[in-house]
Amino acid sequence: MLPWTKYSRPARRRLRSVDRRLREARMFARAMASKHHPIAAQMVPIRRCNLACTYCNEFDAVSPPVPLAEMLRRVDLLAALGTTIMTISGGEPMLHPDLDAIIRHIRSRGAIATLITNGYFLTAERIQRLNRAGLDYLQISIDNVTPDETSKKSLKVLDRKLRWLAEYAEFAVTVNSVLGSPVRNPHDARTIAERARALGLTSTVGILHDGGGQLQPLAPPHMAIYRDLLEPDQKMFSFAQYDRFQRNISQGLPNAWHCRAGGRFLYICEDGLVHYCSQQRGRPGIPLERYTRADLEREAAREKPCQPFCTVSCVHQTAMLDRFRENPRQVISEMIAARQERNPGYRPPAVLNALTWMFLDGPVNQLLSKAASRFLRARS
């Protein structure tokens, strides 16, 4: 490594982080100003995967990659609908030979680019290519400390990849550990989380769902570890910190909420069809090129029978933004109450006070909210 590189990489990371925060602020402002554009979309450029985790229903062993020209066209169609976050998933998306070009095109259309990968194909050189492509976020799930018959996504195999990410990645990295009945040793989740944090990477914990995206309640040992992993010093805007969905899911309880999938969240399969999410493929099953604002509004308003026991967190998170838009006072109160429950001495940060000042009801605050939204849209 050249001597100057050692000092220039942290500076580039800081600059990239500031740029991401500004674009996320614009995304938030658009979500507050309009309820009829997709906040996030997940695209599958290849269904094939190099692994065969027994709990997963999102892969096969034979599918070819979607041609690059078609993937770029789908990015353009999503951008035309106003999509602000585009996530590339699979299968294993790093098997696609033109992944970098897809990421660059997402960024060129003004969207936040996210990648979900099993991490097996990460090398120091590959991470630096993702930097150059403009990737914003990478999520990698690790299921256990050592491989077993359920999953080969183990810390033993992937620890070297995590070290490379910590050293070379200029994008934000989240390491997700999982809990649920297929996990043989629930204590692995704690080990994985501790390792990610020791490397300076963001750590989250997820709950495995069944083939319909429905919850599988945590057994007492898993539940105790889940509570431990929600540390009081986590960031205020970690969904795991205050998300009422996740808490109910962990206890096997239904959630009363309105799913806006098909409107605010879209899942685009390898065939170019729009679905609610990865676990509800076939609904509505409309080709992306024929998806219109009328479809967005109809599907966002539709009640889904899978809502009460859903565990698809990305759909929950887009719904939470709409809850904030519709009832900011209640959502902010819930955020603060959830944090204070874990840390009685907690005091809200300045950013939360700013959101309260900008978005809570009242004629002056409504004017400030509109002015802020217009300013951020004008700069997007």
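Reader: How do the axes of helix α6 and helix α7 cross, and within what distance do they come?
Author: This is a predicted model, and in it the axes of α6 (residues 187–198) and α7 (residues 220–229) come within 9 Å and cross at roughly 15 degrees. Angles under 35 degrees count as roughly parallel, so α6 and α7 are roughly parallel to each other.

Reader: OK, and is that crossing left-handed or right-handed?
Author: Right-handed, where α6 passes α7. On the α6 side the contact is made by His-187, Ala-189, Arg-190, Ala-193 and Arg-197, and on the α7 side by Ile-225, Asp-228 and Leu-229.

Reader: How do the residues of that contact divide into nonpolar, polar and charged?
Author: For α6 with α7, four are nonpolar, one is polar and three are charged.

Reader: Let's go to Asn-185. Where is that one found?
Author: Asn-185 sits in the loop between β5 (172–179) and α6.

Reader: Why call Asn-185 partly exposed?
Author: Its relative accessible area is 32%. Buried means under 20% and exposed means over 50%, with partly exposed in between, so Asn-185 counts as partly exposed.

Reader: And how far apart are Asn-185 and Val-145 in sequence and in space?
Author: They're 40 residues apart in sequence, while their C-alpha atoms are 8.8 Å apart in space.

Reader: Zooming out a bit, how many helices and strands does the protein have?
Author: There are 14 helices and nine strands. Of the 380 residues in the protein, 53% are buried.

Reader: What share of the contacts with a separation of 6 or more comes from residues 24 or more positions apart?
Author: That share is 73% for this protein.

Reader: Back to helices. At what angle do α3 and α4 pack?
Author: Helix α3 (residues 99–108) and helix α4 (residues 124–133) pack at about 25 degrees, and their axes are 8 Å apart. With the 35-degree cut-off for roughly parallel, α3 and α4 are therefore roughly parallel to each other. Their crossing is right-handed.

Reader: Which residues make the contact there?
Author: From α3 you have Leu-99, Asp-100, Ile-103, Arg-104 and Arg-107, and from α4 you have Arg-126, Arg-129, Leu-130 and Ala-133. That contact of α3 with α4 divides into four nonpolar, no polar and five charged residues.

Reader: Which residues of α3 are buried, then?
Author: Leu-99, Asp-100, Ile-102, Ile-103, His-105 and Ile-106. What covers the buried residues of α3 includes β1 (40–43), α2 (68–80), β2, β3 (112–117) and α4.

Reader: What about the peptide bond from Gly-90 to Gly-91, cis or trans?
Author: That bond is cis, with omega near 15 degrees. Gly-91 lies in the loop between β2 (85–88) and α3. The bond from Arg-283 to Pro-284 is cis too, with omega near -5 degrees, and Pro-284 lies in strand β9 (residues 284–287). For background, most peptide bonds are trans.

Reader: Last one, on α5. What span should the helix have, and how far apart are its end C-alpha atoms?
Author: Helix α5 (residues 155–168) has 14 residues, so at 1.5 Å a residue the helix should span 20 Å. Its end C-alpha atoms are 19 Å apart, which agrees.

Reader: Which residues in α5 are buried?
Author: Leu-155, Leu-158, Asp-159, Lys-161, Leu-162, Leu-165, Ala-166 and Tyr-168.

Terms used. Residues numbered from 1 in each chain as written. Predicted model: local features only at pLDDT ≥ 70, side-chain atom pairs only at ≥ 80, totals over all residues. Heavy atoms only, no water. Helix = DSSP H or I, 4+ residues; strand = E, 2+ residues; numbered from the N terminus. Expected span 1.5 Å × (residues − 1). Buried < 20%, exposed > 50% of the residue type's maximum accessible area, 1.4 Å probe, protein only. Axes fitted to C-alpha atoms, helices over the stretch in contact; angles between N-to-C directions. Parallel < 35°, antiparallel > 145°, perpendicular 65-115°, else oblique. Left-handed = near helix turned anticlockwise from the far one by under 90°. Contact = heavy atoms within 4.5 Å. Nonpolar A, V, L, I, M, F, W, Y, C, P; charged D, E, K, R; others polar.
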